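Me: I have a structure to go through before class. Can we take it piece by piece?

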Amino acid sequence: MTAPTAPAAPDWPAPRASGPVRAVVSLPGSKSLTNRALLLAALAGGPSVVRRALRSRDTLLMAAALTALGSAVDTAGEDWAVAPGPFDRDADVDCGLAGTVMRFVPPAAALSGGTVSFDGDPHMRTRPIGEVLAALRSLGVDVSPGDSLPFRVHGTGSVRGGHVVIDASASSQFVSALLLAGARYDEGVDVRHDGKPVPSLPHIDMTVAMLRKHGVEVDDSDPHRWAVAPGPIRAVDHVIEPDLSNAAPFLALAAVTGGTVNVRDWPGSTTQAGDALREILTSFGCTVERTDEGLTVQGPDRLSGIDVDLHDHGELTPAVAALCALADGPSHLRGVAHIRGHETDRLAALARELGGLGADVTEHPDGLSFRPAPLHGGVFHTYADHRMAHAGVVVGAAVEGVLVEDVATTSKTFPDFAGFWSGLF
Ligand SMILES: O=C(O)C1=C[C@@H](OP(=O)(O)O)[C@@H](O)[C@H](O)C1
Ligand SMILES: C=C(OP(=O)(O)O)C(=O)O
């Protein structure tokens with residue numbers, strides 16, 4: 001018998017701002033920092049705590065994966081205690097739609113004494129992972145059957161490691177994945193990239209910075225090569241910064257309403273790609289200031305169009321595209337062909353959904369361009385992509401009658417996004 005399917009939640013009427021929004025927000029923690037901290041904690045030589053961990057689908061999936069491998073992760077409070085345990089058993093890992101789980105966990109699972117089976121959401125089976133699996137095979141790991149989900153990593157308790165060449169042009173996470181576990185390989189790992197430029201480089205810098213914090217020696221002196229020396233991973237407590245990529249819709253709210261939004265605890269220095277929002281929002285004509293109180297963005301009277309290469313921070317594209325659709329002048333977003341492999345083909349989805357609300361948008365192989373056009377209400381589909389929902393609510397703040405389909409998909413990286421967002425109006 002087939003289980004009855006839950007009725008689809010009704011499309012969500014995105015709140016429309018009646019004037020300039022003025023708000024101070026404390027945002028949940030960074031997904032990228034939380035999932036790296038959890039993985040490194042599970043591979044470390046002793047217990048540690050991940051403070052102010054993000055509690056969301058992606059981070060709970062990471063915690064569940066590490067627990068299945070043999071570590072103990074206590075996710076009860078705001079600070080998550082991790083006690084590394086032996087990876088000595090067969091395990092099942094649900095990747096959901098989390099790139100960080102599908103890419104980062106297999107190189108760690110390769111250290112297991114058991115067979116670890118990976119699967120995820122239907123769309124996850126189409127997101128790229130083959131380069132990581134091929135790299136693991138060439139480092140001496142038995143992975144079957146093919147080059148996408150579902151797959152199994154047959155651990156033998158240790159990994160030889162050594163040199164490997166990969167094409168990481170589809171995702172920086174391929175490199176991060178190998179580096180994060182590499183210190184625990186007998187020969188460490190030496191990853192060389194051969195291919196078109198690697199996207200999202202700040203995320204690799206984040207990986208390298210966190211490894212060094214754990215006492216791991218990393219040589220990143222050659223821009224196409226990263227070498228991790230074999231050795232122990234020291235246990236370190238991390239305090240997770242707010243998620244600066246998830247700040248995008250909130251700061252965009254100031255931009256589209258001519259209001260002022262302050263994001264508390266914006267770090268003075270960070271490896272998060274979302275820090276680029278400062279420059280991007282300035283290009284739109286916003287006034288941006290960081291102080292000890294956080295980052296404050298004041299929206300302009302009229303939004304200018306922008307021409308920007310988002311290759312290093314592609315995950316900002318959906319919210320930025322929403323701003324482009326609302327801008328007074330033409331815009332061009334470039335350098336983000338790789339986001340076709342994100343939670344959905346984001347270029348196709350944005351062109352279709354923003355176009356459906358009246359935007360004059362053209363899809364290019366590596367980006368989107370916009371000419372000013374009046375927008376109207378309608379249903380904004382989200383394709384199970386949290387950042388598509390962010391784009392939809394930003395347009396909805398400025399345009400009457402925008403209904404966001406499956407707004408709950410934001411739970412991937414943000415607990416109760418819809419409730420939080422509504423509270424700002
Ligand atoms: O390592 C990470 O935490 C991430 C790297 C980036 O992935 P890509 O390099 O695939 O764009 C980014 O888009 C993603 O949201 C998080
Ligand atoms: C690309 C993203 O996620 P993932 O970690 O699943 O790749 C994202 O959050 O924009």
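**Notes on the fold**

Reply: Start with strand S20 (residues 360-364) and strand S21 (residues 367-371), which pair in the antiparallel sense over five bridges. Strands are DSSP runs of E with at least two residues, helices are runs of H or I with at least four, and both are numbered from the N terminus. Two strands pair if DSSP finds at least two bridges between them. This is a predicted model, where local features need pLDDT of at least 70, side-chain atom pairs count only at pLDDT 80 or more, and totals for chains, interfaces and linings use all residues. Residues are numbered from 1 along each chain as its sequence is written, while chains are lettered from A and ligands numbered from 1 in the order in which they are written.

Me: What joins S20 to S21?
Reply: A hairpin does, through two residues. Thr362 stands opposite Ser369 in S21.

Me: Which strands form the open sheet with S23 in it?
Reply: Three strands, in the order S1-S23-S22, with mixed pairing. Strand S1 (12-13) and strand S22 (378-380) are the edge strands, each pairing on one side only.

Me: How many bridges join S22 to S23?
Reply: Three, and S22 runs parallel to strand S23 (residues 402-404). Phe380 has Val404 in S23 as its bridge partner. Helix H11 (residues 386-398) packs on this sheet and touches S22 and S23, and its direction makes about 160° with that of S23. Angles run from 0 to 180 degrees between N-to-C directions, and axes are lines fitted to C-alpha atoms, for helices over the stretch in contact. Contact between two residues needs C-beta atoms, placed from the backbone, within 7 Å.

Me: Switching to helices. At what angle do H5 and H6 pack?
Reply: Helix H5 (residues 173-182) and helix H6 (residues 201-213) pack at about 5°, with their axes 9 Å apart. That makes H5 roughly parallel to H6. The cut-offs are under 35 degrees for roughly parallel, over 145 for roughly antiparallel, 65 to 115 for roughly perpendicular, and oblique for the rest.

Me: Which residues meet there?
Reply: Val175, Ser176, Leu179 and Leu180 in H5 meet His203, Ile204, Thr207, Val208 and Leu211 in H6. By class, the contact of H5 with H6 has six nonpolar, three polar and no charged residues. Ala, Val, Leu, Ile, Met, Phe, Trp, Tyr, Cys and Pro count as nonpolar, Asp, Glu, Lys and Arg as charged, and the others, Gly among them, as polar.

Me: How is the chain divided?
Reply: Into domain 1 (12-28 + 241-422) and domain 2 (31-229), with bounds from an automatic or database domain assignment. Their C-alpha centres lie 29 Å apart. The contact takes 20 residues from domain 1 and 23 residues from domain 2.

Me: Where does ligand 2 lie?
Reply: Domain 1 and domain 2 both give residues to the shell around ligand 2, so ligand 2 lies between them. The residues around ligand 2 are Ala98, Gly99, Thr100, Glu315, His342, Glu343, Arg387 and Thr413. A residue is near a molecule or strand if its C-beta atom, placed from the backbone, lies within 6 Å of it.

Me: And which residues come nearest to ligand 1?
Reply: Ser32, Ser171, Ser172, Ser200 and His203, of the 13 residues around ligand 1. The shell around ligand 1 has one nonpolar, eleven polar and one charged residues. Helix H3 (99-109) and H5 each supply at least two residues of that shell.
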